[in-house]
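Trainee: I would like to learn how to read rings and strands in a model. Where do we begin?
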Amino acid sequence: MDFDRADLIAVGSILAIAVLVYGVWISRLGFYWDDWPVIWVYKALGKSGVIRYFAAERPVAGAMYAFLFPFLGTSPLGWQLVAFLVRLASTVLLYLALRILWPTHREIAWLTGVMVLLYPGFSEQAIALNFLEQSSSFLFFSISLAATLLALTRRSHRWVFILIALSTELIAYLITEFYVALELFRLAVIVIVVRREFANGKPLARKTLTLWSPYAAIWAIYIVWRSFFLQLAAQFDYTDVRSQMAVFRAHPLHQLIARAEITFQNVVMSTAVAWARPFRQELSNFDRLSVLAWTVGLLAAGICLIALRTIGRPRTRELSFGKAAANKNPLHEGIVLSIVGLCVAGLPYAMSSLRVEYSSGGPPYFSDRFALSFMLPASLALACLVEFCAVRQSRRAVAAVIILVFSVFQFRNDAAFYQDWLRQKSLFWQIAWRAPELKRDTGILLNGLPRSLCRNHAAGMLNMLYGTDDGSGRLRYFIFDMAQLAAEGLPASDGGLSYEPGAPMIGRLRTYTFQGSASQSLVSWIAPDGTWRIVAKPYVNESLDGSALSLNVGSLSSPAAVIADSPMSPRGDLFQIYGGESTSQWLYYYQKAELARQLAQWNLVATLGDAARSKGYAPDDMSEWFPFIEGYAMTGRYQDATTLSRALLKNRPDAIVPLSSLWSRVKAAQIGARSTDLGAALQSLSSDLMLEKAN
């Protein structure tokens, strides 16, 4: 390839933008969503378990993960770095491929590559392990496309390039079916090259089909294997071609219209709606994070202007592609390519009735992964629109503004994932402090899970926390997402889960199962300030802002029956992934005090309260003072208990009922003991509490 200084600047600028937007977060991001089940399977069952885990969906992806785990282990940094490098490499290769196609119009090739790098239709780059299969598949597709163009435009080593293109094509499709329909995009590329260079009076269709035939053969073999020979598990029925064909045959006209509507919606969602996503309300925020994001965006926009100015300069010599190719205007070709790509990219989703969707409230977005198939043609379309619609003098400025906004969007996405990672770590450290030993076969019903752990994505994490994996693959603990259960219905979600005492609690992760009982469970919720709160008698009414879902089934919760104290932290290796313990915070003292209160270790509760107050720690939710108030009162420190009670009532007048209940328990427990001091304390609070009405 004729590679010059401008190409070096183009590649270097892509690298610089990637490092600015994604690179600064690599060491701060962790595991999310489907990452965790795979991590647990590897820790519990090793490489063979990972292969089995993916066998009924994407067996080649499973082999890829099994190969990588011994090198990357369970370190988030390793997986994040690999995911970043794969995405960067695919972007550079895509630029080089389009640069081969349009040798004298590198601006479009560069813009398309950067648009792919920052594509706002996909916002889950931080889910590094789970989406490595999609990003790796796209990398191999980019290699295959570049090799195809080299085979078409280079006489020397033509067959070497064809072999590279065919082998990487097959690998790309075997890893995941996301990009299989883009084979027709390759066909359109071949049509363009044939028309430009190889027609020479011969029939265009025959020449094109001859050149495409080896790729078509690989494509056809894969489609037949994926459709009729790969035995999918029952939970992947929606992607099973035979099942979908049966549905189509039952109502052909209705299904044809429905699938056409899905295709149209997906095209709109992956182009216009995706491009508009960064222009949301958060763009106008100017908090600390926004200032940093805007700084990164402005730097990326500056790099864009420099790069476009450099690579857009006329070349002093003609490339070996020929003058006809060099003088060809690529805009019409690019628009045709993007239209073809957009029309065909979503065919697998139309077959499976899957829609590109974007949710609000921050990542992860889940269904925006379906926009990945449209990423290449949508980015090419936007690059062509910039070139086509903007006047010559303003093209670079328009491109820089788009790069600016897209960079801010993706930078903020990674920041949101970083915050989610912190919430994850906080949750499991709180579980470790509050329940240093948890009885096996205990289920935790939890409302307010971090979004990356919703549904069953926290499956196996308690096993890793408590070190209960024995190689059998049985889940000894399970976290049930109460919000999902309420939204989707109990029978459909978790095998007929019932809230009746003694009813079985069954949780599933593909072929792995948790079997517990509603009578051996913890009902809990995560407060807005991030505190993990267990709901249990007699403290139910202390949850002033508690989740209604959790409070309604709080009678199932039995912490005294399933939680035991231990001088050591849980012995599992989850915290080798999450990192070291941080006891310098309010949550540590609160969770330890709740455990001590459960065990009636009132002196320890008071000691923990003294330590927290001496360090200046205090809760955002004043109701978290309840265990310390009770601890001080039970140890005869009525003045401290009274002071905290008044502070609590001043901040939260709605705490009067649970606080009255607390003092009634203290009075009942200390009849005949310190009666004078206790009576004085109760007398001083008589105007504030409803002791006569306390339960």
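Predicted model: local features only at pLDDT ≥ 70, side-chain atom pairs only at ≥ 80, totals over all residues.

Trainee: Is Phe 131 buried or exposed?

Mentor: Phe 131 is buried, with a relative accessible area of 5%.

Trainee: What kind of pair do the rings of Phe 122 and Phe 131 form?

Mentor: Look at the angle between the planes. Over 60 degrees counts as edge-to-face. Here the planes stand at 80 degrees and the centres are 5.2 Å apart, so the pair is edge-to-face. Tyr 588 and Tyr 589 are also an edge-to-face pair, with 5.2 Å centre to centre and 85 degrees between the planes. Both of these tyrosines are buried.

Trainee: How many aromatic pairs are there?

Mentor: The count is 39.

Trainee: Which ring does the charged end of Arg 158 sit over?

Mentor: The ring of Trp 159, at 5.9 Å from its centre. Arg 510 lies over the face of Phe 54, 5.7 Å from the ring centre.

Trainee: Now the strands. In what order do they form the open sheet?

Mentor: Strands of a sheet pair through backbone hydrogen bonds, parallel or antiparallel. In this case the order is β3-β2-β6-β7, with mixed pairing. β3 (477-481) and β7 (532-535) are the edge strands, each pairing on one side only. β2 (residues 442-447) pairs with β3 in the parallel sense, over 5 bridges. Thr 442 stands opposite Tyr 477 in β3.

Trainee: Which helix lies across β2, β3, β6 and β7?

Mentor: Helix α17 (residues 395-434), running at about 50 degrees to β7.

Key:
Residues numbered from 1 in each chain as written. Heavy atoms only, no water. Pairing = 2+ DSSP bridges. Helix = DSSP H or I, 4+ residues; strand = E, 2+ residues; numbered from the N terminus. Contact = heavy atoms within 4.5 Å. Axes fitted to C-alpha atoms, helices over the stretch in contact; angles between N-to-C directions. Phe/Tyr/Trp six-rings, centres within 6.5 Å; stacked < 30°, edge-to-face > 60°. Buried < 20%, exposed > 50% of the residue type's maximum accessible area, 1.4 Å probe, protein only. Lys NZ or Arg CZ within 6 Å of the ring centre and 35° of its normal.
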